[in-house]
Amino acid sequence: MKVCLHFYKRIFVANFMLALLFSLLSLPDLLSMFKAFAISLPTFAYGLTIYFFDRFKYQYYLFNNLGYSKKNLILFGLLVNVILSTLLFVIIILTK
Amino acid sequence: MNTLEIDSVRLSFSNFSREQRILTDCYLNCVSGEIIGVLGRNGCGKSSLFKIIFGSLNPANKFIRINGEVCSQPFKKKLVGYIPQVSIFPGDFTVNKLLKFLFGKERLESIKSYERIESILKTKIRKLSGGELKYLEVLTMLHMNHPFILLDEPFSGVEPIYQKEIQVLLKSNPQNKGILLTDHNYRNILEVSDRLYLLREGVLKHVTDFSELELYGYVPSGTFGK
């Protein structure tokens, strides 16, 4: 778990910034912006983040040496993002 | 005692219509406490062979057995550790933070006690010199729980003092691991290895006498003084 979280921490900033960039496309409507952020976090932004992280393939070897495959790590990151995205949607619905 | 056996490794890359064979039929075995050196020319497939043993590269055919059990991806069971040619540690970590991450607080002290490590504990990984980084990589790998480790060019770009330090470290082998290593700096490999293989034309040849390295054209003739 600690190792997976470390992987997520390493990709989080890039993932967050890219999702924010996607959400800016929905400006000036704030609600649409939040929705776009919640949708792109586990989808486009995550896909792009993984693509860029993949450019530094050697980073995976640290995790491999700790017993984690690239597939496991990507799935873990996706799961966390889906949870965060769901929470955001719940907040959006509740605040409507 | 742990045993590692690699057999029938076949790897080829397709280059448009041409098929380039890298490894044709490799056999290698290693037991706990043994250091095996793998030599070979640039591009002969040494790194690919290590990636195949580690489990991060899937060739057309391979047979890896550890302690009698067939493993397709040994890294998943933490049976094999691998240090590639370039650094795998996060540059923004300090040495102390990295060691804490890898070993936890309990095992940290024994690693911190190494003289070379003590002095760089607060240094960020990206600020370490080539020698310090390679030393740290080899040391951490020797203390992790894998029964076998693969070291790809641990002496490359390292100053002579650190080369000697890394040799001493490998020979001390504190957890009695089976070690496979490769480097173009062949003198270091000859110094530390118990057994030697030469990867040539896709096949691993067991080298019993250094003069065979001249015979196979790996080193210039006369290198070993005959």
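Which strands of chain B does helix α1 (residues 46-54) of chain B lie across, and at what angle does it run to β1(B)?

**Entry 1: ground rules.** I am working from a predicted model, where local features need pLDDT of at least 70, side-chain atom pairs count only at pLDDT 80 or more, and totals for chains, interfaces and linings use all residues. Residues are numbered from 1 along each chain as its sequence is written, while chains are lettered from A and ligands numbered from 1 in the order in which they are written.

**Entry 2: the helix on the four-stranded sheet.** I looked up my opening question: α1(B) lies across β1, β2 and β4 of chain B and runs at about 125° to β1(B). Helices (H or I, at least four residues) and strands (E, at least two) are DSSP runs, numbered from the N terminus. Angles run from 0 to 180 degrees between N-to-C directions, with axes as lines fitted to C-alpha atoms, for helices over the stretch in contact. Contact itself means that two C-beta atoms, placed from the backbone, lie within 7 Å.

Next I traced the sheet: it is open, with four strands in the order β2-β1-β4-β5 (chain B) and antiparallel pairing. Two strands pair if DSSP finds at least two bridges between them. At the edges I find β2 (18-31) and β5 (69-70) of chain B, each pairing on one side only.

I then went through the partners of β1. With β2(B), β1(B) pairs in the antiparallel sense over 10 bridges, and B:Leu11 stands opposite B:Leu23 there. These two strands form a hairpin with two residues between them, and B:Phe16 in the turn has a positive phi of about 55°. On to β4: five bridges join β1 (residues 3-15) to β4 (residues 61-66) of chain B, again antiparallel. In β4(B), B:Arg65 is the bridge partner of B:Glu5, and B:Phe63 stands opposite B:Asp7.

**Entry 3: positive phi.** Most residues other than glycine have a negative phi. I noted two more exceptions. B:Ser8, in strand β1 of chain B, has a phi near 50°. It counts as partly exposed because it has 15 C-beta neighbours inside 10 Å. The cut-offs: buried is 20 or more other C-beta atoms within 10 Å of a residue's own, exposed is 12 or fewer, partly exposed is in between, and C-beta atoms are placed from the backbone. B:Glu153 has a phi of about 55° and is found in the loop between β7 and α5 (160-172) of chain B. B:Glu153 has 19 C-beta neighbours inside 10 Å, so it is partly exposed.

**Entry 4: the six-stranded sheet.** What is the strand order in the open sheet of six? I read β6-β7-β8-β3-β9-β10 (chain B), with mixed pairing. The edge strands are β6 (80-83) and β10 (203-207) of chain B, each pairing on one side only. From one strand to the next the twist averages 20°. I checked one pair: β7 (residues 148-152) and β8 (residues 178-182) of chain B are parallel, over five bridges. There B:Ile179 in β8(B) is the bridge partner of B:Ile149.

Is B:Leu170 buried or exposed? It is buried, because 22 other C-beta atoms lie within 10 Å. Leaving aside neighbours within four places in sequence, B:Leu170 is in contact with B:Ile35, B:Val138, B:Ile179 and B:Val192.

Entry 5: The expected span is 1.5 Å times one less than the number of residues. I find a bend of about 115° at B:Gly104 in α2(B). A bend is the angle between axes fitted to the seven residues ending at a residue and the seven starting there.

For α1 (residues 2-23) of chain A, 22 residues should span 32 Å, and its end C-alpha atoms are 30 Å apart, which agrees. It still bends by about 45° at A:Ile11. A:Ile11 is buried, as are A:Phe7, A:Asn15, A:Ala19 and A:Ser23 in this helix. An α-helix has 3.6 residues a turn, so residues three or four places apart point the same way. The cover over the buried residues of α1(A) includes α2 (30-40), α3 (44-54), α4 (59-65) and α5 (70-95) of chain A.
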